[in-house]
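Q: Hi! I'm new to reading protein structures, could we go through one together?
A: Happy to. Here it is.

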Amino acid sequence: MRRARGGRLLLPLAALFLALLLLSGCAAEGEHEEGSPVAAEEPEAPMEDKEKAALYAAIGGFVGKAWNGSGLFPDPCGQTPIQGVSCDLFNGLWYPTVVSIGPVLDNSLQCAPDARFSPQLFDLRRLKSLTFYACFPAANPTAIPAASWDKLAGTLETLEFRSNPGLSGAIPASLGRLGSLQSLVLVDNNLTGAVPPELGGLAKLRRLVLSGNGLSGPVPATLGGLKGLLKMDLSNNRLDGRIPPELAGLESLTLLDLRNNSLTGGLPGFVLGMAALQDLLLSSNPLLGGTLMQRGWEKMASLATLDLSNVGLAGAIPESMAAMPRLRFLALDHNRLSGPVPAKLAALPSIGAMYLNGNNLTGALEFSPAFYQRMGTRFASWDNPGLCTAETAGGAPAGVAVCKDAQDPPRVGVRDRMDGGGRKPEASSSLPASSSSAGMVTVLWWSVLAQGMAMAL
């Protein structure tokens, strides 16, 4: 009886406990629905209507009037993001900070044939980065706006316009007002006129790349005021005049690329004091002239690439050039250099390519067979009529006569017949101005250069 009575008491207690659990669960659910700080989701931050309108209008100017931004992307910084647009949160509101247009990805926004700069572009108050690629074809000549850049002076850090054959006219001096700019890249466009001296006022600039345009006139001395600049590339233009000595103040510069211009005045001695320089590229400036400095090359402890081909150099190759511990690529070809080749050049600890062909060098090459074997076609010394090499069983340079027959024309052997036709291989250490130019030495140039250089004209 006691056992039975105890069982009858347990049933009500169990029912009461279950009821309490249900009530507790309902209370917890109600607290969640009321917005418990533990379980509640953060409400989406809003975006001002005028910021949305500016974004739609700015993009619409590039991609065309038919683009229905507000209909396709009603929440561009939230649920319906636009490819190429990034946003950041400021004081509880969303603002577009990155706008990138061009055929980079399959779903990237692409410019219309009648693309244009919209005035609303400059109303994007928090814009940090503006880039577009292949946006203006030659059939749509368009100039970079000269006005309103000051509206972005406090925010814009990156400005990049690449591969736009229709982007023509001058680089606006007003770009010099972009006080926050860190990267200015205007590559492979059709820009003409002078490099604005005002760009020297961009105190925060780290990268200046204006290659592949039709820019003319001198390199502005004001660029020497860019004390924090790391990379300067003004190659493949029509620049003339001397390399300004003010560039000696660019103590942080790692790349100086002035290839394929019409510079004059000789190789400036101040480059030997640019200790951070890793890549010095001055090739295809046939009017540059001058001579190689005979002393001081040991100061360039960071230099990995030295391209001085086809710059009109005369005089001797200094022995002190063998004191650069990180030099991987040395191009002195197609100049008027004379005298002997310093034997110590073969001892450069990091050398991977050396081009001395097409000069007036004389005497005997005193490099070892092991050096020729290691370098292969990455060493060139042909087309130096007075140069000869010792008779060696282990290896010898292509296109150079052995010294006992130096009075005769250099003999072309099996090593020279790259195409089987007996022609000596062409060597050009410089980057071709046209992307359609190609060749074995160019590929080798890139393979060596890629090991030493760190950036997308």
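A: Let's start with one term: a residue is called buried under 20% relative accessible area, exposed over 50%, and partly exposed in between. Keep in mind that this is a predicted model.

Q: New topic: charges. Why would two side chains pair up at all?
A: Side chains can pair if they carry opposite charge and their charged atoms come close.

Q: How many salt bridges are there in the whole structure?
A: A search finds eight.

Q: Can you show me one? What does arginine 125 meet?
A: Its side chain meets that of glutamate 51 in a salt bridge, at 3.6 Å from N to O. Arginine 125 is in the loop between β2 and β3, while glutamate 51 belongs to helix α2 (residues 49-63), so this pair ties together parts 74 residues apart in sequence.

Q: Are those two buried or exposed?
A: Glutamate 51 counts as buried, at 1% relative accessibility. Arginine 125 is partly exposed, with a relative accessible area of 40%.

Q: What about lysine 128, which residue does its side chain meet?
A: That one is aspartate 88, in a salt bridge of 3.8 Å, N to O. Lysine 128 lies in the loop between β2 and β3 and aspartate 88 in strand β1 (residues 85-90), so the bridge ties together parts that are 40 residues apart in sequence.

Q: And how accessible are they?
A: Lysine 128 is partly exposed at 32% relative accessibility. Aspartate 88 is partly exposed too, with a relative accessible area of 29%.

Q: One more pair, please! What does arginine 162 meet?
A: Arginine 162 and glutamate 160 meet through their side chains in a salt bridge, 3.4 Å from N to O. Arginine 162 is buried, with a relative accessible area of 10%, and glutamate 160 counts as buried at 12% relative accessibility.

Q: Last one: which residues do salt bridges with shared partners join into one network?
A: Glu48, Glu51 and Arg125.

Note on methods:
Residues are numbered from 1 along each chain as its sequence is written. This is a predicted model: local features need pLDDT of at least 70, side-chain atom pairs count only at pLDDT 80 or more; totals for chains, interfaces and linings use all residues. Side-chain values use heavy atoms; hydrogens and water are left out. A salt bridge is a side-chain nitrogen of Lys or Arg within 4 Å of a carboxyl oxygen of Asp or Glu. Helices (H or I, at least four residues) and strands (E, at least two) are DSSP runs, numbered from the N terminus. Buried means under 20% relative accessible area, exposed over 50%, partly exposed in between (1.4 Å probe, protein chains only).
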